[in-house]
Amino acid sequence: MSANRFYYSDSISGFLNTESETIIGTLTLASQHDINDETSKSWVAEIESLRNVLAPYKDRGSLYFEYNIPRMGRRADVVLVIDELVFVLEYKTADSKFSHEARMQVWDYALDLKNFQEGSLERIIIPVLVAESEKDKHCVFKLRHLEDNVYEPLLTNNNRLAEAISMPLTQIPHDLVTHSDERDERWAKSGYEPTPTIIEAAVALYEENTVEDITKHGGDIDKASAELRRIIDFSRENQRKAICFITGVPGAGKTLIGLNTAIDQFNRGEKAVYLSGNFPLVEVLQEALTRDYVRREKMKSRKIKGYRACTKEEAKSKVKAFIQMIHHYRDLYLEGTKVVGNEIKPIEGYFRSHTDKAYIPAEHVAIFDEAQRAWTGDELKRFMREKKRIADFPYSEPEYLISCMNRQTDWGVVVCLVGNGQAINKGEAGLTEWIESINRRYRDWDVYMSEYLIESGDVSKEELALVKQQLKPREDLHLKMSMRSFRSEKVSIFVNQLLALQREDAAATLKELGNYPIVLTRSLETAKQWLRDHARGSERFGLLASSKAERLKAISINVRYQPDFVHWFLEDESDIRSSNALEDTLTEFKVQGLEIDWACVAWDADLRLNREQTAWQHFQLRSGAKWQNIHKPINQTYQINAYRVLLTRARQGMVIVVPEGDRGVPPDDTRKPEWYDGIYGYLKSIGINEIESIC
């Protein structure tokens with residue numbers, strides 16, 4: 001564990017007997033940043049406020065200043081451990097009011113310790129917001145919590161800080177134990193295994209944290225990241241070109257590895273680019289990183305005299321240097337080229353030479369997320385003909401993307417992040433096309449993949465035989481464990497069994513989900529209230545539905561209206577565009593690759609069961625009046641995968657809403673109750689608990 005978990009620690013007795021100047025010196029030496037007068041004054045104020053209230057507990061606990069919360073990229077001001085209770089204190093010395101943002105911040109700290117720090121799993125945690133000059137009458141000391149023993153934040157000023165500490169100790173039942181410095185130290189340095197959202201992870205990585213800092217230590221992600229770095233280093237040192245396939249279950253962290261690699265190479269002085277065809281993912285990540293960059297720039301400008309903070313436009317330009325849409329990258333390197341036979345060649349005279357930097361990619365490492373979704377030759381040919389006016393384009397998308405890196409005169413690495421079971425669009429080439437492209441044109445490239453991919457059947461033995469001489473198996477390139485849900489790693493297994501109609505297996509797996517709640521209701525309002533009751537701090541929740549779920553409009557879910565997904569994912573509940581407002585619904589096309597903490601998945605009659613409940617039936621609404629069967633197997637697969645995407649977005653729990661349908665006279669023939677009853681009955685039969693309606 002890093003020695004930098006906290007800047008200063010001592011028993012309460014030791015703290016009370018240590019000069020403030022000594023403590024400030026220790027804090028300053030431990031900090032990785034330059035300390036200004038404002039920070040020093042804040043530390044002095046915190047130390048003095050604690051001296052005034054901790055004397056009664058001098059033999060009962062320990063304290064820690066600047067306690068690291070890696071997943072959030074921040075440090076809690078003070079953590080107190082008294083009688084085994086953990087107090088997380090956040091000081092707002094410059095604020096005279098209790099802000100909503102500060103309340104959410106300290107609550108998030110407490111939830112983070114509970115969920116991700118091993119030593120806190122059985123502890124009682126009380127977040128405390130200290131606004132030193134707030135009026136006494138505005139302080140809040142209500143002791144409320146959910147079953148995990150994380151309390152809602154207490155709000156206090158300096159005058160009533162003693163009360164904020166004494167009240168929980170006297171009113172919350174807990175074991176009284178003799179204080180032990182050793183036991184407190186074991187708690188403070190106990191294992192920290194966070195599973196950040198992809199947005200949190202990207203921000204933390206961009207702030208120069210490492211993937212080891214922000215994810216589970218010793219896990220698949222660490223091993224795959226290290227293996228990928230070795231492959232890149234080997235290719236650079238030996239002037240080789242290579243393609244590397246990283247595979248894994250949904251939510252295993254493939255995107256995180258891609259972002260980590262791009263940022264890691266950037267920090268090492270080597271250009272790399274993370275590319276995705278997932279427009280919402282790219283837009284949300286670019287905006288989140290841009291906002292964070294601007295925030296940090298403003299902080300610098302306040303601390304460093306004369307420092308000019310960059311504008312948002314400048315920040316976004318920096319972010320776009322290593323996170324791009326795959327189509328923008330593809331189109332960039334079409335410039336100055338033409339189709340010659342079955343190849344793309346530079347236009348004579350357009351470039352100074354074939355080594356012209358406008359012709360060769362700026363990056364030696366290109367990472368393609370969801371690589372299996374790259375377009376087939378026919379789909380790319382159609383697109384080029386209709387949108388770019390290029391006739392008879394000779395490459396599939398995998399083939400062309402590799403060709404761009406092949407222009408490098410020395411070395412290059414293409415990294416393919418490969419998922420399965422989530423294809424939701426036509427024209428996707430799958431993994432086969434990448435293998436066949438290598439065989440057709442790039443037989444001098446090294447090919448790295450795990451034994452899992454070799455044995456999985458995603459690529460046939462005959463296809464793999466085509467690249468046998470180039471193949472270099474690497475076991476660590478497959479991620480076996482989902483990290484999307486830190487509460488249960490079996491959610492994706494359960495969802496697969498549910499959609500495969502494996503009733504008994506799904507029921508058994510559901511019982512193993514532990515504290516990952518999945519519940520069922522017929523009422524949208526009941527579902528919304530369930531989300532509000534379970535979300536705490538800045539946890540994000542929202543409404544999800546299939547893009548074909550058009551009859552959910554009858555319960556005020558309009559999937560044809562597409563909200564701004566950037567605001568949906570990034571704004572807080574004070575903004576009506578936020579997911580937390582529970583007004584707008586996203587479909588599988590806007591949430592794939594992203595996640596939220598708590599989800600409401602609304603299930604329509606587009607995917608329903610036959611009368612015997614032995615097979616799914618697939619429908620889409622036509623002309624607003626009639627459901628029409630979906631007959632093509634590939635389109636049926638897309639629909640199943642759409643629900644798979646929706647049912648695997650939540651990290652902490654979900655509620656499934658199956659409407660009642662229309663029981664009126666005359667009935668609405670697009671909302672027959674028996675369709676919805678069949679779905680509801682199936683979900684109930686595998687053990688999903690019903691929740692009572694609030695109506």
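This is a predicted model: local features need pLDDT of at least 70, side-chain atom pairs count only at pLDDT 80 or more; totals for chains, interfaces and linings use all residues.

Q: Which residues in α19 meet which residues in α24?

A: On the α19 side they are Val491, Val495, Asn496, Leu498 and Leu499, and in α24 they meet Ile640, Tyr643, Arg644 and Leu647. By class, this contact has seven nonpolar, one polar and one charged residues.

Q: What makes α19 roughly antiparallel to α24?

A: Helix α19, residues 491-499, and helix α24, residues 633-647, pack at an angle of about 150 degrees, with their axes 10 Å apart. Angles over 145 degrees count as roughly antiparallel, and therefore α19 is described as roughly antiparallel to α24. The crossing of the two helices, α19 and α24, is right-handed.

Q: Why is strand β13 called largely enclosed by the rest of the structure?

A: The term buried requires under 20% relative accessible area, and seven of the seven residues of β13, which spans residues 412-418, are buried, so the strand is largely enclosed by the rest of the structure.

Q: How do you know that both faces of β13 are covered?

A: In a regular strand the side chains alternate between the two faces of the sheet. In β13, Gly412, Val414, Cys416 and Val418 lie on one side and Val413, Val415 and Leu417 on the other, and all of them are buried.

Q: What makes β7 and β12 pairing partners of β13?

A: Two strands pair if at least two bridges are found between them. Strand β7, residues 241-248, pairs with β13 in the parallel sense over seven bridges, and isoleucine 246 has leucine 417 of β13 as its bridge partner. Strand β12, residues 365-369, also pairs with β13 in the parallel sense, over four bridges, and isoleucine 367 stands opposite valine 415 in β13.

Methods. Residues are numbered from 1 along each chain as its sequence is written. Side-chain values use heavy atoms; hydrogens and water are left out. Axes are lines fitted to C-alpha atoms, for helices over the stretch in contact, and angles run from 0 to 180 degrees between N-to-C directions. Angles under 35 degrees count as roughly parallel, over 145 as roughly antiparallel, 65 to 115 as roughly perpendicular and the rest as oblique. A crossing is left-handed if the near helix is turned anticlockwise from the far one by less than a right angle, and right-handed if clockwise. Contact means heavy atoms within 4.5 Å. Ala, Val, Leu, Ile, Met, Phe, Trp, Tyr, Cys and Pro count as nonpolar, Asp, Glu, Lys and Arg as charged, and the others, Gly among them, as polar. Buried means under 20% relative accessible area, exposed over 50%, partly exposed in between (1.4 Å probe, protein chains only).
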